[in-house]
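Dear colleague,

I am passing on the structure below, and my notes on what was found in it follow. Please read them with the structure open beside you.

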Amino acid sequence: MNETILDYLIKALVLFTAVPVHECAHAWVAEKMGDDTGRKQGRITLNPFAHLTLWGSLMMILVGFGWGKPVMVDSRNFKNPKKGMVLTSLAGPASNFIMAFLSMIVYKVLAFLSYAKDSSTLDMMATVFVYITLINISLAVFNFLPIPPLDGSKIFNAILPEKWYFTIMKYENFIFIALIILVYSGLLDAPLSFLQGKVIDVMLFLTGWVDNIMTLLIAGGVI
């Protein structure tokens with residue numbers, strides 16, 4: 001029961017941090033590329049209530065798969081429409097990768113401190129940041145899939161002829177329904193787990209310096 005409650009609380013924490021950062025990143029990059037639609041709609045903010053939807057929030061808390069309110073973008077305002085759309089779309093997943101990276105650093109510091117001080121409180125805090133890291137990686141990898149309406153699908157806008165791209169996007173809602181069915185059928189579990197594992201390996205490598213520093217501090221009696 002306690003583990004279930006903790007799981008829900010962590011998912012809620014991620015919901016109120018990862019999703020707002022993800023959507024705010026879309027709006028912020030869009031403005032940098034020339035479109036201020038997001039700012040006019042009040043989306044360049046970390047206030048979670050500006051970005052969350054009821055069903056997307058419930059899905060995130062209950063099953064770990066959810067979504068925020070899409071940031072409206074007018075590509076006609078971009079100086080370079082294709083480049084602007086691609087960068088704006090990829091800003092969301094990129095923000096989750098950054099959050100995962102920072103969370104992994106915090107997790108490692110807490111894990112070493114927990115070991116050194118034999119603290120159950122620090123151990124629990126480390127566990128929370130493990131969850132935050134993993135969920136952010138999951139969100140980033142999932143959104144990078146080149147499937148409409150996910151952010152990764154906007155890459156098609158840069159490489160496909162406009163006629164083909166907009167033909168695909170006309171069926172966006174149907175493709176999204178099919179995507180949800182694939183997710184809940186478990187057919188995407190294997191490829192997603194593989195991709196997430198590779199990202200975790202990269203993150204562990206990039207944060208290896210934390211291990212070295214904390215090991216030296218503990219060995220030297222500083223901690």
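Axes here are lines fitted to C-alpha atoms, for helices over the stretch in contact, and angles run from 0 to 180 degrees between N-to-C directions; helices are DSSP runs (H or I, at least four residues) numbered from the N terminus. This is a predicted model, in which local features need pLDDT of at least 70 and side-chain atom pairs count only at pLDDT 80 or more, while totals for chains, interfaces and linings use all residues. Residues are numbered from 1 along each chain as its sequence is written, and side-chain values use heavy atoms, with hydrogens and water left out.

Helix α5 (residues 81-117) and helix α11 (residues 208-219) have axes that come within 10 Å and cross at roughly 25°. That makes the two helices roughly parallel (angles under 35 degrees).

The search of the whole structure finds two aromatic pairs (ring centres within 6.5 Å; planes under 30 degrees apart count as stacked, over 60 as edge-to-face and the rest as tilted). Phe 16 and Phe 49 form an edge-to-face pair, with 5.8 Å centre to centre and 75° between the planes. Because Phe 16 lies in the loop between α1 and α2 and Phe 49 in the loop between α3 and α4, this pair ties together parts that are 33 residues apart in sequence. Phe 49 is exposed, with a relative accessible area of 64%, whereas Phe 16 is partly exposed at 36% (buried is under 20%, exposed over 50%, partly exposed in between, with a 1.4 Å probe and protein chains only). Phe 97 and Phe 144 form a stacked pair, 5.6 Å centre to centre with 25° between the planes.

Best regards

How values were computed: Parallel < 35°, antiparallel > 145°, perpendicular 65-115°, else oblique. Phe/Tyr/Trp six-rings, centres within 6.5 Å; stacked < 30°, edge-to-face > 60°.
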